[in-house]
Amino acid sequence: MVRQDLNKINRKKVNTLLIIDVHSRDIVDSFIRESILNAKEFAWESQLRFYWDRDVDDCVIKQCTGFFRYGYEYMGLNGRLVITPLTDRCYMTITQALTFKLGGSPAGPAGTGKTETVKDLAKSLALPCFVINCGEGLDYKAMGSIFSGLVQVGAWGCFDEFNRINIEVLSVVSAQLRSIQNALIYDNPTCDIGNGDIRVKRVAGFATCGFFITMNPGYAGRTELPDNLKALFRPVTMIVPDLQMICEIMLFSEGFEGAKVLARKMTVLYKLSKEQLSKQYHYDFGLRSLKSVLVMAGGLKRQYSDLREDIVLMRVLRDSNMPKYVFEDVPLFKGLIKDLF
């Protein structure tokens, strides 16, 4: 179906279905391989599972000890992440943190999907998620009004680059967050974060608001978080994602037959380019640039459906990367492509 001439909306739909389906297929494969038969086994418990609960007549979501009500937030079709084992582990930490009414704090280098994973989990639970980029300009009043908004609409807030906020603001922020979390733990209808009582939004007795902070460690000009603030968040360390798996599943969802072999070639090409080409400020061989190439490959595959797949991919890799290379690197890159394809 994905190889046919679909309109934009249906193509996105089929892409998303393929991405989610591939993950389900891999999970079932691993269950069969490791002969997991009991519903109490951790491998099954640790999956994000959706049930229709007859007693409450509603959709509920379970993972380990976490239990959530479906949020019914309309998002439209904005695509889903390729679910790798790293994503699964991050989901698990976050859902456990929410069960204990704490926040989550994914940390790790740029381009490892910290913010995207939080957004993607919010999509799964159908909750609104707002990403706030933090900087020195945020004072405690601004943070207070953001918090009170999130609590009242029951939304998630993902505070990007949280450790850019000045240290004296952070100590007030920790008091504000502590008072919100206390209200959640003791089921208080309202909480006070310095500007009067605000109502905590609950859906069928469940408070849906959540707070997440993402940090890039070890950059200049970033503050170390105070301990009383650290204690309110469960840490998750994000490492470099499994590029080959992501390539494979994305190529697969764009309708490539030999996705496995092509994904390996593509990741090897990027790895070798990163090692062998000169170090230029504008070169990017990370996940972000890889993703745009993959989407482009899908477009070309449909345009030239009679061409061999490896030729299509080779053309995309050449045309999307060539223009940004400096003169000396061009023959090197051509050589790499020639060797691989």
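**Figure 1. Ala 126 in the loop between helix H4 and strand S5 of the predicted model.** Ala 126 counts as buried, because its relative accessibility is 2% and the limit for burial is under 20%. The residue is found in the loop that runs between helix H4 (114-125) and strand S5 (129-133), and its phi is near 55°, a positive value in a residue other than glycine. Most residues other than glycine have a negative phi.

**Figure 2. Asp 57 in the loop between strands S1 and S2.** Asp 57 also has a phi near 55°, again a positive value in a residue other than glycine. The loop that holds Asp 57 lies between strand S1 (49-53) and strand S2 (58-63). Is Asp 57 buried or exposed? With a relative accessible area of 55%, Asp 57 is exposed, because the limit for that class is over 50%.

Figure 3. Leaving aside residues up to four places away in sequence, Leu 81 touches Ile 19, Thr 87, Glu 116, Thr 117 and Asp 120. Leu 81 and Thr 16 are 65 residues apart in sequence, while their C-alpha atoms are 8.6 Å apart in space.

Figure 4. In soluble globular proteins, nonpolar side chains tend to be buried together.

**Figure 5. Packing of helix H9 against helix H12.** The axes of H9 and H12 come within 10 Å and cross at roughly 150°, and the two helices are therefore roughly antiparallel to each other. Their crossing is right-handed. On the H9 side, Lys 265, Val 268, Leu 269, Leu 272, Ser 273 and Gln 276 meet Leu 332, Phe 333, Leu 336, Ile 337 and Leu 340 of H12. By class, this contact has eight nonpolar, two polar and one charged residues. Leu 269 touches Leu 317 as well as Phe 333, Leu 336, Ile 337 and Leu 340, not counting residues up to four places away in sequence.

**Figure 6. Helix H8, its cover and its contact with helix H1.** Met 245, Ile 246, Cys 247, Ile 249, Met 250, Leu 251 and Ser 253 are buried in H8, and what covers the buried residues of this helix includes H1, H3, H9, H10 and H11. H1 and H8 pack at an angle of about 130°, with their axes 9 Å apart, which makes H1 oblique to H8; the crossing is right-handed. Asn 15, Leu 18, Ile 19, Val 22, Arg 25 and Asp 26 of H1 make this contact with Met 245, Ile 249, Phe 252 and Ser 253 of H8, and by class it has six nonpolar, two polar and two charged residues. Just after H8, Gly 255 takes a positive phi of about 95°.

How values were computed: Residues are numbered from 1 along each chain as its sequence is written. This is a predicted model: local features need pLDDT of at least 70, side-chain atom pairs count only at pLDDT 80 or more; totals for chains, interfaces and linings use all residues. Side-chain values use heavy atoms; hydrogens and water are left out. Contact means heavy atoms within 4.5 Å. Axes are lines fitted to C-alpha atoms, for helices over the stretch in contact, and angles run from 0 to 180 degrees between N-to-C directions. Helices (H or I, at least four residues) and strands (E, at least two) are DSSP runs, numbered from the N terminus. Angles under 35 degrees count as roughly parallel, over 145 as roughly antiparallel, 65 to 115 as roughly perpendicular and the rest as oblique. A crossing is left-handed if the near helix is turned anticlockwise from the far one by less than a right angle, and right-handed if clockwise. Ala, Val, Leu, Ile, Met, Phe, Trp, Tyr, Cys and Pro count as nonpolar, Asp, Glu, Lys and Arg as charged, and the others, Gly among them, as polar. Buried means under 20% relative accessible area, exposed over 50%, partly exposed in between (1.4 Å probe, protein chains only).
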